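I opened the file today and kept notes as I went. The entries follow the order in which I looked things up.

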Amino acid sequence: MTTSDPAGATAFYARLFGWDIEGDRFLLDGRAVAGISRSRPDRPEGWLTYLAAPDLDQAAQRVQTAYGRQLTWPEDRQGARSVIVADASGAVFGLWQAAGFAGTQLRGEPGTMAWSDLLTDDVSRATSFYAAAFGWSLTHEFGSGEWLTEAHDSVAGVISGRGDRRWQPSFQVADCAEIGDRAARLGGRVVAGPMEMGLGSYVEMVDPFGAPFAITAPVHRPVELTVAYNDVTGMELTYGG
């Protein structure tokens, strides 16, 4: 994230998620889970979603061909190269070409990056842009919008009808209510939720410095098993949620 108060933001997220700080990286159990830097003119404040780009220059060119914009020059970083771009509607994100460091070293547990959603009020334009730039398609298989790669891997989500055009990250937690209460005590606030989103509980928040983000927790649904017997096929097992 980029902030005008790195010390304050570090203190907030350390107490919220149990993160440590080392240089410009947030760590959990000694492994990188996010980054932080001081505000600068060429990028917006708040959280920035990066998309992996095996060839950074080629990916930036595809963004521009799809009527997006390149906002910065490519930057060499420790273990990577990156550039900041915007889609055809102005939603800002980064491209990340790993050279030994993929950006995060830990996933799939509380305190790590879980997901990122594109908030847009022009889904049609977004669909055209991300299809042209990255070969993505949009599906609503689980009741909410998801971006799929050409290999049909789910990579991100889409939320419409907010009058906004930006990328928003969500971080995995064990309990949304507990983390929401903790954030409020630390000076943040809940702006929406909890709500069911896909297969989890989802809460949108703002940190004490105005940066929006979200938290998500898996929803565990009981499964009922019914055993029946009929004269034609024999035993049948029926699963229900």
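I began with D29, which is exposed, with a relative accessible area of 58%. My cut-offs: buried is under 20% relative accessible area, exposed is over 50%, and partly exposed is in between, with a 1.4 Å probe and protein chains only. D29 is not a glycine, yet it has a positive phi of about 55°. I found D29 in the loop between β3 and β4. Helices (H or I, at least four residues) and strands (E, at least two) are DSSP runs, numbered from the N terminus.

H152 is also not a glycine, and its positive phi is about 65°. I placed H152 in the loop between β13 (145-148) and β14. H152 is exposed, at a relative accessible area of 60%.

**Ground rules and confidence**

This is a predicted model, where local features need pLDDT of at least 70, side-chain atom pairs count only at pLDDT 80 or more, and totals for chains, interfaces and linings use all residues. Residues are numbered from 1 along each chain as its sequence is written, and side-chain values use heavy atoms, with hydrogens and water left out.

I checked pLDDT next, the predictor's confidence in each residue, from 0 to 100. The chain averages 88, and 88% of the residues score at least 70.

I noted two stretches to treat with care. Over residues 223-230 the pLDDT stays under 50, and the model has 20 contacts there beyond four places in sequence. Over residues 232-241 the pLDDT is below 50 as well, with 22 contacts in the model beyond near neighbours in sequence. Contact means heavy atoms within 4.5 Å.

**Salt bridges**

I counted these with one rule: a side-chain nitrogen of Lys or Arg within 4 Å of a carboxyl oxygen of Asp or Glu. The structure holds six salt bridges. I looked at three of them in detail.

R81 and D57 pair through their side chains at 3.6 Å, N to O. This pair links distant parts of the chain: R81 is in strand β9 (residues 80-86), D57 is in helix α2 (residues 56-65), and they are 24 residues apart. R81 counts as partly exposed at 25% relative accessibility. D57 counts as partly exposed too, at 45%.

R81 also forms a salt bridge with D76, with the closest N and O atoms 3.5 Å apart. D76 is exposed, at 64% relative accessible area. I therefore logged D57, D76 and R81 under one heading, a network of salt bridges.

R165 and D121 form a salt bridge at 2.7 Å, N to O. R165 sits in the loop between β14 (154-160) and β15 (166-172), D121 sits in the loop between β11 (113-120) and α3 (123-134), and the two are 44 residues apart. R165 is partly exposed at 35% relative accessibility, and D121 is partly exposed at 43%.

**Helix α3**

I tested the length of α3. The expected span is 1.5 Å times one less than the number of residues. For the twelve residues of α3 that should be 16 Å, and the end C-alpha atoms are 16 Å apart, which agrees.

Which residues of α3 are buried? They are A126, F129, Y130, A133 and F134. Seen down the axis of α3, the buried residues fall within an arc of 90°, so they line one face of the helix. The arc is that of the directions from the helix axis to the C-beta atoms. The face turned away from the buried side carries the exposed residues S124 and A132. Just after α3, G135 takes a positive phi of about 80°.

**Cores**

A nonpolar core is a set of buried Ala, Val, Leu, Ile, Met, Phe, Trp, Tyr and Cys residues joined through side-chain atoms within 4.5 Å. The largest has 27 residues, of which Y13, L16, F17, W19, W47, F213 and I215 touch the most other members. α1 gives the most to this core, with five residues. Leaving aside neighbours within four places in sequence, L16 is in contact with I179, R182, A183, L186 and F213. A second, separate core of 24 residues includes L51, A53, W136 and W167.
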